[in-house]
Amino acid sequence: MSAIDGTPPVIDTTRPSVARVYDLFLGGKDNYDVDREVYRRTMEICPEVPLLSRAFRRWLVRVVRFLAGIAEIDQILDCGSGLPTAENTHQVAQRVRPETTVVYVDNDPIVNAYGRALLEENDRTHFVDA
């Protein structure tokens, strides 16, 4: 539902989504032809992008592990979270500090739909459409 007026979100499959293209670079499957076209064109220009995307994901895991562990942070806000994938912020943080609350924020309708479905069972993890 839209945070503004409660209407169901509209997912425009004719326009590429940064979140879906990034998911492709991480090896994900939640994408459309238009996203795969952006992926192909990007690969022609910069074939290192999948390696960089995976390196960034490893960096995110290390940072969250530090925050939840050594820094003892128990509330994390993940802005522009993108599509849920392996080793999400809440999984890493709650593995280190189970009481950690994580709030994901994104404005992509498909990200919000997938995120809410994935996190339904986790009362310490939330999604905000913004």
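## A walk through a predicted protein model

The protein has five helices and three strands. Keep in mind as you look around that this is a predicted model. If you start at the N terminus and follow the chain, the elements come in the order α-α-α-β-α-β-α-β.

Let's begin with the overall form. The C-alpha atoms fill a box of roughly 40 × 40 × 20 Å along the principal axes. How does the radius of gyration fit with a compact globule? A compact globule of 130 residues would have a radius of gyration near 14 Å, and the protein has 16 Å, which agrees. Among contacts between residues at least 6 apart in sequence, 56% join residues at least 24 apart.

The accessible surface comes to about 8,000 Å², and carbon and sulfur atoms account for 58% of that. The protein carries 15 positive and 20 negative side chains, and the centres of these two sets lie 6 Å apart.

Next, step inside. Of the 130 residues, 34% count as buried. In soluble globular proteins, nonpolar side chains tend to be buried together. Here, the largest nonpolar core has 15 residues, and V64, A93 and V111 have the most contacts inside it. The elements giving two or more residues to this core are α3 (49-68), α4 (89-96), β2 (101-106) and α5 (109-119). Helix α3 provides the largest share, four residues.

To see the packing up close, find A93. Which residues does A93 touch, leaving aside its neighbours within four places in sequence? A93 is in contact with V64, A68, I76, T100 and V102.

Finally, visit the loop between α3 and β1 (75-79), where you will find E72. Is E72 buried or exposed? Its relative accessibility is 57%, so E72 counts as exposed, the cut-off for exposed being over 50%. The backbone at this spot also deserves a look. Most residues other than glycine have a negative phi. The phi of E72, however, is near 55°, a positive value in a residue other than glycine.

Notes. Residues numbered from 1 in each chain as written. Predicted model: local features only at pLDDT ≥ 70, side-chain atom pairs only at ≥ 80, totals over all residues. Heavy atoms only, no water. Rg over C-alpha atoms; globule rule 2.2 N^0.38 Å. Buried < 20%, exposed > 50% of the residue type's maximum accessible area, 1.4 Å probe, protein only. Contact = heavy atoms within 4.5 Å. Areas by Shrake-Rupley, 256 points an atom, 1.4 Å probe, with all protein chains shown as cover. Lys, Arg positive; Asp, Glu negative; His and termini not counted. Charge placed at Lys NZ, Arg CZ, Asp CG, Glu CD. Core = buried A, V, L, I, M, F, W, Y, C linked by side-chain atoms within 4.5 Å.
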